[in-house]
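Colleague: I would like to learn how to read salt bridges and nonpolar cores in a model. Please take me through them one at a time.

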Amino acid sequence: MNLTRRAFGRLAAASLPAFATATLPHLSPSAHAQSGKWINSTFSGVTVGLQPYCYHDLERIPANRPILIERMVQNKIGVVELHAAWCEPLFAYMYNTEEEVRKAKYDWRVNTPPSFFEAIRKEFSDAGIRIFSYYASAPEYRGNISIDLQTPPEEIDSFYRAAKALGAERLIGSYGIAVGDRIGKQAHNHPGMIYGLHGHDNVKDPDAFSTEQTFEKGLAMHPESRVWLDLRHFTAANGDPIAFLEKHHERTAALHVGDRRRDNGGSVPFGQGDTPIIEVLRTVRDNKWDIMALLEFEHGTLRSGTEEVQLMFDYCKRALES
Amino acid sequence: MTFSVKKIAATLAVAAATMHCAYAQKAAVHYVKPLPEVGVVDPQLPINPDPLIQHGKELFIQNGCSICHNVRLHTPPGAEAADLLHSMIVGADTDGTVISQLLKIGIPLSDKLSPMPQYSYVSEADRMAIARYVHYTRMEEHYKEVMTQPLPVGQVAAGKTYFDHQCVSCHTPGQAAALARKAGSDGAILKPAFLTEVTSFTIASLNDTKARAARSAHQHLVENYSTKDAANLLVYLKSLQ
């Protein structure tokens, strides 16, 4: 792909924050790197990580990445699922039309070298945090979908390359069966990579991952596909997460841990809804299943994001340690 | 040497903001939409001087509404959630009952990935408090939207039609013109000062149904008028003076 000088300048400028943050060692919480230690958030064999969406008082933008890292250090959480929005330029804010946004995203994704993501990886590893997975959704012009049926295979490949450069061997996205199939298909080009199927609770849409049957359909599509079971949404869709894991634990890579009420009920603080969080975590622990527990909650709070994450993290820690 | 976590976080926030600004200005990247806020944003701030509105705001945050709809009702580009600031359903709700009912049953048949949940377990009083906050915020934010751009040239005839449709049940043209003269500025005509006054609980006010109805009716107007409506109404009222 040939870039015009103007387009290159724009993309280079848009990439600036990652390089800028990477060159600010005095701001980086590098104590862990100096001591050579990773933050340990594994309890009784189950690792509890974070989908930083939980910091609802912090916009998911590259400029906020240093604060994200600082907060994770403060919360003592050593594993992160990194949303593309923390890495990619704000295309949706730079262009007026969907066509322009699509072109800019394509150019940037296909042309951005691995060193860009390696620099981001270093920011986290310097702080003792491992990147578990790369979440392939980012804000854009309309629809909050960064991959869709029009996205060419080489652009999908760029997400796998980014995940690899970040040190994550897993790509995940909130997509339905049709788009999930397109993404999953590309996984075989990237040995060792898996694609995570993440569901919500729209049981009316046959394309959406929501029930056990829809996940089974997704797993059958590609050998590299794994389930990212969102406990909140699965409960709201009236599913039984323990029964699901009993049957599908070998092809479940991670849990999104949060609480909701059944029958499309709202999100609530841990323990106030219908999601059997404690029981699920202990089931994973007692059966020694290789499943990551990633905090991802959506309930509101009057506390700061750091305080709320700490409370929910401690809830999981207690469940696993007792 | 020791640093407090708060100090480090504040330093990082400033550094991030500086980089963000440098990113936007020096690197010649032209943004066509207002950028998201950099640093930690406390959704409770600013605290509303009216404790009733603040109560509704806190419930709006605590029940997770603000996560999808934004605490100031400004949904970002690409958001899945309904834009409450411009929603016709919310605009048609005059007393909060429509919002309260929607909260009770949710919107399960949406084609969105994650349909709006139901909040049947939240009390009716709390649902109404959330609705009150939504209407108040719509009024404030819609007014800002209208006033931050130059109003178009108004048409007297169209202003009269608007007045006859929306205002005449409470005001005669003469009364309205006098009130407009007293208010002074265009802004004070379009959003009378009493709309942002803290609710009075004197016994006389409690029984003043007229004042309550006036507040509700004016709030509804401010929530919904277009820039054209506003310009037309102003020209019409001035033509009466």
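**Charged pairs and cores**

Modeller: A:Arg232 counts as buried, at 1% relative accessibility; buried means under 20% relative accessible area, exposed over 50%, and partly exposed in between, with a 1.4 Å probe and protein chains only. Before going on, note that this is a predicted model, in which local features need pLDDT of at least 70 and side-chain atom pairs count only at pLDDT 80 or more, while totals for chains, interfaces and linings use all residues. Residues are numbered from 1 along each chain as its sequence is written, chains are lettered from A and ligands numbered from 1 in the order in which they are written, and side-chain values use heavy atoms, with hydrogens and water left out.

Colleague: Which residue forms a salt bridge with A:Arg232?

Modeller: A salt bridge is a side-chain nitrogen of Lys or Arg within 4 Å of a carboxyl oxygen of Asp or Glu. Here the partner is A:Asp230, with the closest N and O atoms 3.9 Å apart. A:Asp230 is buried too, with a relative accessible area of 2%. Both belong to a network of salt bridges that also links A:Glu296 and A:Glu298.

Colleague: How many salt bridges are there over all chains?

Modeller: The count comes to 23. One of them joins A:Arg102 and A:Asp148, whose closest N and O atoms are 2.3 Å apart. A:Arg102 lies in helix H6 (residues 98–111) of chain A and A:Asp148 in the loop between strand E4 (130–135) and helix H8 (153–165), so the pair ties together parts 46 residues apart in sequence. Helices (H or I, at least four residues) and strands (E, at least two) are DSSP runs, numbered from the N terminus. A:Arg102 is partly exposed at 21% relative accessibility, whereas A:Asp148 is buried at 16%.

Colleague: And how far apart in helix H7 of chain B are B:Asp164 and B:Lys160?

Modeller: They are 4 residues apart in that helix (residues 156–166), so about one helical turn separates them. B:Asp164 is partly exposed at 36% relative accessibility, and B:Lys160 is partly exposed at 38%.

Colleague: Now the cores. Which residues have the most contacts inside the largest nonpolar core?

Modeller: A nonpolar core is a set of buried Ala, Val, Leu, Ile, Met, Phe, Trp, Tyr and Cys residues joined through side-chain atoms within 4.5 Å. The largest has 87 residues, and those with the most contacts inside it are A:Phe117, A:Tyr134 and A:Leu295. Helix H14 (residues 305–321) of chain A gives the most to this core, with 7 residues. A second, separate core of 39 residues includes B:Val71, B:Leu85, B:Leu103 and B:Cys167.
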